[in-house]
Amino acid sequence: MNKGFIFSFEAAISMLLFGLMITMIFPMQAVSLKELIILQQENDLLKLWSINYPSQNEMEIDAKQLFSDTELFVNNNNVFFTGNKKDNSVSSEAIIFDNYLNETKVRVVVYFD
Amino acid sequence: MNTTPNKKTFCAGTKGMIFSFDAMIAFIIMLFMISVFALTLGNYSTQVLAQEQNFFLEEKTIFVADAFVKNYNSDNALLGGCIIDLDKKRVKSNEISSALLNNTKQIEIEGFFVKEAKIKSLDKTISKIFLSDNRESEQCIAIKRFVLIDGKKALVLITGCLIE
């Protein structure tokens, strides 16, 4: 008769506890909709700029109303940057056509923790 | 003199309790680990519940704020305060009509309510609190959105809270 694998009740409990303790080592990830809020606010800016065609100074004033750490690019040129660059960022881009069908590519980047 | 020795006899058929020092230590360690595990599990479940509540609050406030700046609702401006172009059959999103704001009603969704909704133009000519609720709550969140009100740039602040 061949010897089988012996798995005792104590060993089962120990393994269960060990497994559960390992799962608790990893911290719980915080669930937040912060990225969605930022994305919606960026879209608000782009939507309004597509109606008003503001100057770059006005764009800067508008962006500062909503965000503290932000960067703006117009036609791939950095127009302004306020605050600090942080670990995470959300970026939105739009191509705005004015009344004379002149094309302007605008990109808003918002940094957050 | 005939004496019998006072000796306990070993009986192989009797099952007794084996107690050893190392078994005691192992038992104490085991109990300690179970108590630590129970405590951690309790904290973990509390955190999950708090996060769930926070997520619910955030989600509902975002939805209300987005509905306000993207929809048209003649019955309740809180669910849609935008201008509607009837000729084009199109809602002009992010373009708010101040006339609609007079028709604002409170909404409650499963323990969530809107505590305050206000709009303020950047040139400070328009400043209006179009919804205010006196109920106290410690769990609140405010969402800021950028809109045009009667053609002027403005900020909308919607504050959502959980009913306590």
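## Sheet of chain A

A:Leu72 stands opposite A:Val108, a residue of strand S4(A). The model is predicted: local features require pLDDT of at least 70 and side-chain atom pairs count only at pLDDT 80 or more, while totals for chains, interfaces and linings use all residues. Residues are numbered from 1 along each chain as its sequence is written, and chains are lettered from A and ligands numbered from 1 in the order in which they are written.

Strand S1 (residues 70–74) and strand S4 (residues 103–112) of chain A pair in the antiparallel sense over 5 bridges. Here strands (E, at least two residues) and helices (H or I, at least four) are DSSP runs numbered from the N terminus, and two strands pair if DSSP finds at least two bridges between them. Both strands belong to an open sheet of 4 strands in the order S2-S1-S4-S3 of chain A, with antiparallel pairing. Strand S2 (77–82) and strand S3 (88–97) of chain A are at the edges with a single partner strand each, so one side of each has no neighbour in the sheet. On average, neighbouring strands of this sheet are turned by 15° against each other, direction ignored. Helix H2 (residues 34–52) of chain A packs on the sheet, where it touches S3 and S4 of chain A, and its direction makes about 20° with that of S3(A). Axes are lines fitted to C-alpha atoms, for helices over the stretch in contact, and angles run from 0 to 180 degrees between N-to-C directions.

## Chain B

In chain B, S1(B) and S2(B) run antiparallel and are joined by 4 bridges. The two strands form a hairpin with 4 residues between them, and B:Lys89 in the turn has a positive phi of about 50°. B:Cys82 has B:Ile96 of S2(B) as its bridge partner.

The buried residues of H1(B) include B:Lys60, B:Val64 and B:Phe68; buried means that 20 or more other C-beta atoms, placed from the backbone, lie within 10 Å of the residue's own.

## Contact between the chains

In total, 22 residues of chain B are in contact (C-beta atoms, placed from the backbone, within 7 Å) with 21 residues of chain A. H1(B) gives the largest share of this side of chain B, 11 residues. The composition by class is tabulated below.

| Class (members) | Residues on the side of chain B that touches chain A |
|---|---|
| Nonpolar (Ala, Val, Leu, Ile, Met, Phe, Trp, Tyr, Cys, Pro) | 11 residues |
| Polar (the others, Gly among them) | 5 residues |

Note on methods: Contact = placed C-beta atoms within 7 Å. Buried ≥ 20, exposed ≤ 12 C-beta atoms within 10 Å, placed from the backbone.
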